[in-house]
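Subject: Handing over the structure

Hello,

I am passing this structure on to you, and I hope you enjoy looking through it. Please open it first and keep it beside you while you read my notes below.

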Amino acid sequence: MACDFSALSKLDPGDPEQASQLLEQCTAALSDPKLWIWTLVFTVVCAVVGAMIGRYKNAVARDTILGAALGPVGWIISLCLPAHKPKPRCRACGREVEAGDAHCRHCGAKLNPIR
Ligand SMILES: [Zn+2]
């Protein structure tokens with residue numbers, strides 16, 4: 001009996017030994033190192049693809065985590081999320097300022113209103 005849904009549907013409800021054997025087989029399948037190696041490879045590939053999307057969207061850390069955690073679903077979410085825009089910088093001191101500010105919060109220099 002293989003460890004899949006068809007084996008589950010063929011299970012005799014009056015034979016607890018059969019259910020116990022199926023459970024043992026499925027538990028043994030989880031300890032197979034090949035399964036874990038492929039899971040690890042798949043996770044790394046998904047993270048790398050997510051990082052590539054993140055590079056395009058200017059949000060590498062966000063999209064790498066989404067790709068590693070959710071796989072192809074994370075890629076779709078990454079593609080749907082808006083691109084991360086860097087905050088504007090003050091020309092006088094070079095520090096980040098908010099987009100609508102009239103003056104720099106750090107040095108007080110007047111900011112160009114269109115930024
Ligand atoms: Zn400044």
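Let me start with Pro-72, which counts as partly exposed at 37% relative accessibility. Pro-72 is found in helix α5. Its C-alpha lies 8.6 Å from that of Gly-50, although 22 residues separate Pro-72 and Gly-50 in sequence. Please bear in mind throughout that this is a predicted model.

**The zinc ion**

Which residues hold the zinc ion? The protein donors are the SG atoms of Cys-90, Cys-93, Cys-104 and Cys-107, lying 2.3 Å from the ion. Along the chain, these donors follow the spacing C-x2-C-x10-C-x2-C. The site of the zinc ion is tetrahedral, and the angles among its four donor atoms run from 107 to 117°. For comparison, the ideal angle for four tetrahedral donors is 109.5 degrees.

Cys-93 and Cys-107 both lie in the segment after α5 (72-80), so this pair ties together parts that are 14 residues apart in sequence.

**The disulfide and two other cysteines**

How many disulfides does a search of the whole structure find? There is one, and its partners are Cys-3 and Cys-26, with a distance of 2.0 Å from S to S. The torsion about the S-S bond of Cys-3 and Cys-26 is about 120°, so the disulfide is right-handed. This pair links distant parts of the chain, 23 residues apart: Cys-3 sits in the segment before α1 (5-9), while Cys-26 belongs to helix α2 (residues 16-30). Cys-3 is partly exposed at 38% relative accessibility, and Cys-26 is partly exposed at 23%.

Cys-46, on the other hand, is in no disulfide, and the nearest cysteine sulfur, that of Cys-80, is 16 Å away. Is Cys-46 buried or exposed? With 1% relative accessibility, Cys-46 counts as buried.

Cys-80 itself is exposed, at 64% relative accessibility.

**Salt bridges**

Next come the charged pairs. Side chains of opposite charge can pair when their charged atoms come close. The count here comes to four salt bridges, and I describe some of them below.

One of them is formed by the side chains of Arg-62 and Asp-63, at 2.7 Å from N to O. Arg-62 is partly exposed, with a relative accessible area of 27%, whereas Asp-63 is buried, at 0% relative accessibility.

Another salt bridge brings together the side chains of Lys-87 and Glu-98, again at 2.7 Å from N to O. Lys-87 and Glu-98 are both in the segment after α5, and the pair links distant parts of the chain, eleven residues apart. Lys-87 is partly exposed at 41% relative accessibility, and Glu-98 is partly exposed at 32%.

Arg-105 and Asp-101 also form a salt bridge, in which the closest N and O atoms are 2.7 Å apart. Are these two residues buried or exposed? Arg-105 counts as exposed, with 59% relative accessibility, and Asp-101 counts as buried, with 17%.

**A nonpolar patch on the surface**

One more feature to look at is a nonpolar patch on the surface, formed by Ile-37, Trp-38, Val-41 and Val-45. Together, these four residues have about 420 Å² of accessible area. Ile-37 is in helix α3 (residues 33-57), and with a relative accessible area of 54% Ile-37 is exposed.

Best wishes

Note on methods. Residues are numbered from 1 along each chain as its sequence is written. This is a predicted model: local features need pLDDT of at least 70, side-chain atom pairs count only at pLDDT 80 or more; totals for chains, interfaces and linings use all residues. Side-chain values use heavy atoms; hydrogens and water are left out. Donors are N, O and S atoms within 2.8 Å of the metal (3.2 Å for Na, K and Ca); water is not among the atoms, so sites may look incomplete. Four donors count as tetrahedral if all angles lie between 85 and 135 degrees; four count as square planar and six as octahedral if opposite donors are over 155 degrees apart and all others between 65 and 115; anything else is irregular. Helices (H or I, at least four residues) and strands (E, at least two) are DSSP runs, numbered from the N terminus. A disulfide is a pair of cysteine sulfur atoms within 2.5 Å. Buried means under 20% relative accessible area, exposed over 50%, partly exposed in between (1.4 Å probe, protein chains only). Patches are made of residues with over 30% relative accessible area and no salt bridge: like charges are joined within 9 Å, nonpolar side chains (Val, Leu, Ile, Met, Phe, Trp, Tyr) within 5 Å. Accessible areas come from the Shrake-Rupley method with a 1.4 Å probe; for residues, only the protein chains shown count as cover.
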